[in-house]
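Please look through the sequence and the structure before reading on.

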Amino acid sequence: MNKTKRALQGISWRRLRALCYKETLQIFRDPSSNLIAFVLPLIMLFIFGYGINLDSGAIRVGLLIEDKSQEAHRFADSFYGSRYFTVVPAHSRQELEQELTDGKIRGFIVIAQDFSRDLQRPENSAQVQVVTDGSEPELAAFVENYSRGAWQGWLSQRNLALGLAAPGQVDVEPRYWFNSSAESRNYLIPGSITLIMTVVGALLTSLVVAREWERGTMEALLASPVTRTELLLAKLIPYYLLGIFSLLVCVAVAVFVMGVPFRGSIFALLLVSTLFLLTALGLGLLISTAMKNQFNAAQLALNLAFLPSLMFSGFIYEISSMPAPIRAVTYLFPGRYFVTCLQTLFQAGDLWPILLRNCLLLLLSGTILIALTAHFTRKRLD
Amino acid sequence: MFKRIRALIIKELQAILSDPQSRALIFMPVILDTALFPFAVTLDVQNNTLAVLNRDSGPASIELVQRFSRAEAFTHYLVLNNDAEMRDVIDNEKALLVLYFPVDFSRKVERGDAATVQAIIDGRRSNSGQIALGYVETMIESYNNDRLSAEGNTIPSIITVRHWFNPNLNYQYFVLPSLVAVITTISVLVITSLSIAREREQGTFDQLLVSPLTPRMIMIGKTVPAILIAFIQSAMIVVAAVAFYGVPFHGSLALLSLSVFCYALAIAGFGLLISSICATQQQAFLGVFTFMMPAVLLSGFASPIDNMPRWLQLVTEADPLRHLIVIVIVKAIFLKGASAPFVFNNLWPLLVIALVTLSAADWMFRRKIA
Amino acid sequence: MPEALVQLDHLSKSFPKSEKAALEELSARIVAGKVTGLVGPDGAGKTTLMRLMAGLMQPSTGSITIKGLDSVRDSVALRELVGYMPQKFGLYEDLTVEENFNLHADLRGVVGRDRDQEFERLLRLTDLTRFTSRMAGKLSGGMKQKLGLACALLGHPQILLLDEPGVGVDPISRRELWKMVRELVSQEIAVIWSTAYLDEAELCDEVLLLSDGKMLFNGEPGELTSRMRGRCFQIREIEGSRRQVLTRVLVCPEVLDAVIQGQSIRVVLRRDSDKPDLTKIDAGAHANWASIEPRFEDAFLDVLGEKPPGKSPLAEQLTNLPRDGATVIEAKNLTKRFGDFVATDNVSFQVIRGEIFGLLGPNGAGKSTTFKMMCGLLQPTSGTALVTGIDLKTSASEARQKLGYMAQKFSLYGNLTVHQNLMFFSGAYGLDGKEQAEEVGNMVRIFHLDPYLKSSADSLPLGFKQRLALACAMMHRPDILFLDEPTSGVDPVTRREFWTHINSVVEKGVTVMVTTHFMDEAEYCDRMALVFRGRIIAAGTPDELKAKARNEAHPEPSMEDAFIELITRDHHEQN
C-alpha cells in the first residue's frame, strides 16, 4: 500500500499528459492498431452474431415409413411439421444408413412395419426407432430430443383424440427466465464481446511496449525523468479509452443492429468493462513487458488471450460441466467473470449481488496483473 | 534442382527444430491443447445443481424429487422454501434449473388429471438449460411409463434412440479429431507466412533471391517443412486420441495421411498468399490472425455448420478447416472408417483451394519480385 | 586540473549470459568543456558504457560518479543532469518534429516561455525550422540525428551522451553536427560521443579507446597519434598491379599495416623498423617513398599489435579467369521511382572483368536501390541492368549461379549454426555429397571457423559473422561478387583481412561490385561512382575524383574531402 502511495506521489501530471497525448497520436496514425481496435471487433461480432449458433435450425433427417397405415402417416406428419427438421423421405434402410455415414443426414427415423398393428394390441408397443450420427454429438442430441418431443406430441394428441386420458400423466412446462425464447444469440453475443475485448485489449497492448523497445524509443524515455508509474499509466489510459470506445460500438451494434436485448444500466456496463479492461490491458502489458520482441509477444498474446477465452470463459462451453481440474484452470482467466457480468447485464439487468462478486474477482485479477507488470517494468536495461 | 530444394527444406527444419524456443512453440500447444481442450469442450451438462421448490408434499412430488436426486446430470441438490430463494438461486447462477411443484400437484396425479411441474431455467445459459431440460423430460417420461405399467396398462408406443459411431455421445470423440485441424492450421500458417516475413526483415530473403533458387523453389522449400510439421503434430494428436482418450480409429492411416497432406497444402497456400502481401512480421501476424480467427470459428469446431444461415454455409465452403477436416474427413476416418471413394469425393475441394491459393501466391511473388 | 564531471572507478559490467565481461576495470575521468570520444569497434563495450553513464544499467562492480551523484543510488536526480541520445536517435517516427520535441520538453519539465525560447534556440541550432510539421520518420538521417540531439538537449543538461551519432549520416551532415557540438562544448557542457569510426576520434578533445571491454588508451587523440610520427609513408608511382604490390608489402616483417590509397599504397611501419627495400617489393622503377601524417587508426593498430595477413588462401582455391576485358556488369539509364520520389535517376555505368567497382554515397542517396536493381532484386522503372549481358530479373537460375552476394549486415540465418549455414548455402548453389563436404571444409579452414562450428550465427562476434558471410558467398566460386556495405562496424584488422581476400580474388579475375559509405574503403576500388540524390555526380578512379576536388583549401584532399567538395559543387550547380 505504502509503495503504491509513494508511486502515486511521484507522478507529474504534465509528463503523464504528454505521454498519453503521444500514445493517442500514435494510435490514430497506426493503421494496424485501428484495424485491431475497430475493424476486427466488428468482424468477430458478425461471426458470432450470424455464424455461431447453438440453436438448431432445421436438421436434415431421413424418414422411412415401412407401415403404410394412416396412423403411421399421422405420426410421420409430426416430423414433417416440426420446425426443427427437414425430413428426407427414404425407401430403404440401406439408403438411410449410407446417407448417415456420408454425413448427408444427421439422423433417421424408422417407423416399423407393424407399427399400427402393435399400436392396437395391448400386449405390444409400437416401435419407433431413431438413429443419429454420433460423430456430431451436439446435433445428435438435438435429433434425439426433438424426436422424443415430436413423438410425445403425437402420443398426447392421439390419447386426446381417443379420449384415453392416461392416469395422472405428468408433464413439464419449461420457463426461461431472462431469455424467454431461449435464443442462443442473446447469450452468445455478450459472451463474444468478452472474447473481442480480450483480443483487443491484450493484442494492442502486447505490441506497444515491445515496439518501443524494438525502435529504441524506450531507451530515450528511460533516460528522461519519467517514472515507472507514469510509463505504465500512459500505456493504460489511452488504450483503456480505446477499449471502452470499441466496447460501446460492439454493444451498440449488438443492441441496435442485431436486436439483442440489453436490460442493465450503462453505469453498470461501464463499471464491469472498466474492471475487465484493466485485466485485459494488464495481461497485454505484462506479456509485452516480459517479452522484448514483437513476434514473441504477439504469439504469446494469441495463445493466452484468444484460445483460452474461447474455451474457458464459459460462453460456449458450460464451465460447471467441466471436470474439477479444468474448472480450476478457468478461474485464472478473467474472461469468465466478465462473461457472467455481461450475460447478466444484457439479459437480466443490474443484479448487483452477482455483479459485485464478479467485479471483485476482476479487480483482484486486474490488480495482480498490473502489479506484476509494474514489477517487471524495468527502469534499467540490464 | 532437387538438391537445392533439399537444402532449403533441411535449413527450414533446422531453423524450427534446433532452437528450443521455436521448438517449444511447435510442440507445447499440441500437448497443452490435447490435454485440456477435450475436457473443456463439452456441451453435456454435468455436475450441475438442481434446485427444487416443492409446494406440494404429496407422494408423487416426493417420489419424483427422489428420482431426480439419483440422476447423474445433477450432482448437487438444493431444497428451496420460497419464491425469494428461487429468485436468488437463479439470479446468482447457483443452479441452472429449478423444479417447481405446485400445491395441488400430487392431488392431481392421484386423481388421474394431468399435472404440470414447472422447470425454471436460467435464460442466460439457455443452451445448457435446454440440455438439462432434456434430462428432466426423459426422467418424467420414464416416471409416467412406470406408473402406466404399474397400473397394468401397456404403453402404446415406445421410441428407441441409438447414436451411431459414438453411442454415448462422447464429446471427446468430436474434439480430438477436430484438434488435428485446428492445431496444424496454426503451425502451418506460422511456418509459411511468418517465417518468410522474418526472412524479409532479416535480409536473408534477398540472399535467397540472388541465388539460383527460383521463387517457386523457395515456396516449395517453405511448404514441405510445414507439411512435415503438420504430420508430426497430427501423429501426436492421433496417438493421444487413441491411446489416452480411447477414441476409436476405424479408418485407414493412409487415407488420413493423404487428407492431412492435402489440407496442409491448402493452408500453406493461404500462408504463402498472406506472406506474399506482407512486408513485416507484424503485418503477417495480423494477416494470419485475421484469416485464422474466422477460419476456426466458422469451421464447425465451435458450433455446428448446419446451424448457420445458408449464405454463411456457402462462405464456409472456402474455409479448408471446416470443409474437409473438421466436418467430413477426419471424423469420418476416425469414427466411421470412411472408404476411399468417400474420402476422394470430399478431398477435391481441398485440392481446388490449394490450387487457387498456391497459384495466387505464386503470381503475387513473381509480380512483386519481377 | 579541472574538476571531473564524470568519474569512472574500477567499473566492470558483465551480462549473465556471456562469459566475457562487457567492460573490465575501467577508470577514467571526463571533464566539462570537452568532447570525449568513446572510440572502438563494434562490441568493444561503447554502448554498455553509455547506458551505464545514463543510469540505464547497473555496474557489476565499481562505480560511476556524476557531479558527486552515484549513477545507481541517485539515478532520479541524474536524469535532470544528463541528456542522452540512444542509437537510432530514440525518435517516434510517427510523430512530427514538433510533437517529438514537445513530448521531450514536457518530460523534462521545459514549459511556458522557457519552452518557446528553447524551441527557437534549438530549431535555429539544428536548422529544422522548415520541417516542424514533418513526420520524424520522413526525415533524412542527418535531420533525424539533429532532432535527436535537440531533444536530448532540452532542459539544459550538463552532460550530453551521444551514442554513435555518426552512423547513417553523410559526411556533410556529420560536419554540421560537429559544429553544433563544438558550440555546446564552449558552454561548459561535457559531450561524450561514441563512435566506431576511428577517423572521428581525431576530432575529439579526449579519447577513451576501447577494445573488447578493455581501455587501451585514455588521453588526447593527438598524443596517441603523434607516437606514430615518422612511421607512416606512402609508396607512390607504383607500376603494375598495386594489389600484388600490396600483398608483397604486407608480408614484409617491418610493416605493421598497409592499405591501398588510389594508385598509392599507404604503409605503417612497426616500431623501430626501417622501410623495406622497394626493389624487394617490386613496385616498379619509379616507385618512391613519401612521408605522410599519421592517423588515429594507425595508432589503434599499433596498440592492438595485430597485423592483417597479406596472402589469401581463399584465392588460392580459385582458377584464373581469362582477362578478356569484357563488360561484365552494365547499367543503362537505370531509373527507379517510388511514388514521386526518384531513388535512382538515369544511372549508367559499366564494369569490366577483374575490376572492383564501387558505388559510394551517403545513406539514402540511392546506392542501395541501384545495387538491388543490378542484382535483380528490384524492378527498374526504366532502363536495364545487365550482368554478363543477361537481365537477372528474367534470367534462369543458371545465370545467378555465377554470382556471389553478400548483403548488408551479413544476412545469415541467425538461429542456425555456422555449419548449418555453410551447408545450406552450398546446397542452395547445388553442391552436394563429397564436393559439398570438401568445399565446406575448405571454408572452415580458410576462415578459421573451427571453434564456432556448432555456435549459432547470431552468437558470433561481428568479425566472424563477416567471414562466414563471405564464405557463404564464395563456396560456389562465383565469377562476380556483389558486396553491399561489406565491412560496416567491423574492426580495422578484420576489415583489412576482408580486403586482402577481395583483392586476391580480383587478381584471379573475379569482378566485384561494392557499395560503401566508408571513404577509406573507396580507395580499394579501381573505379567508382559517387551517388548523391539518386544521380551519379562523379565517376572515375579514386585519384581522378580526388584530383577533381583539389582546390586551395585542400591541396591534397582525402576521399572524404573530395566527397564533400564534389557534393557541394553539385549542390550549387543544381540550385
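This is a predicted model: local features need pLDDT of at least 70, side-chain atom pairs count only at pLDDT 80 or more; totals for chains, interfaces and linings use all residues.

Q: Why is the meeting of Lys372(C) and Asp206(B) called a salt bridge?
A: The side chains of Lys372(C) and Asp206(B) come to 3.6 Å, N to O, and because the rule asks for a Lys or Arg side-chain nitrogen within 4 Å of a carboxyl oxygen of Asp or Glu, the pair qualifies as a salt bridge. Across the interface of chain C and chain B the rule finds 1 salt bridge, while 10 residue pairs are in polar contact there. Helix 14 (397-400), strand 19 (403-406) and helix 15 (418-428) of chain C each supply at least two residues of the side that touches chain B, and helix 15 gives the largest share, 5 residues.

Q: What makes His156(C) buried or exposed?
A: The relative accessible area of His156(C) is 54%, and since exposed means over 50%, His156(C) is classed as exposed. This residue, which lies in the loop between helix 5 (141-153) and strand 7 (159-163) of chain C, has a positive phi near 50 degrees without being a glycine.

Q: How do you know whether Glu485(C) is buried or exposed?
A: Glu485(C) has a relative accessible area of 5%, and because buried means under 20%, Glu485(C) counts as buried. Glu485(C) is placed in the loop between strand 20 (480-484) and helix 18 (492-507) of chain C, and its phi is positive, about 45 degrees, although the residue is not a glycine.

Conventions:
Residues are numbered from 1 along each chain as its sequence is written. Chains are lettered from A and ligands numbered from 1 in the order in which they are written. Side-chain values use heavy atoms; hydrogens and water are left out. A polar contact is a pair of N or O atoms within 3.5 Å; within protein, one must be able to donate a hydrogen and the other to accept it, and residues adjacent in sequence count only if both atoms are side-chain atoms. Helices (H or I, at least four residues) and strands (E, at least two) are DSSP runs, numbered from the N terminus. Buried means under 20% relative accessible area, exposed over 50%, partly exposed in between (1.4 Å probe, protein chains only).
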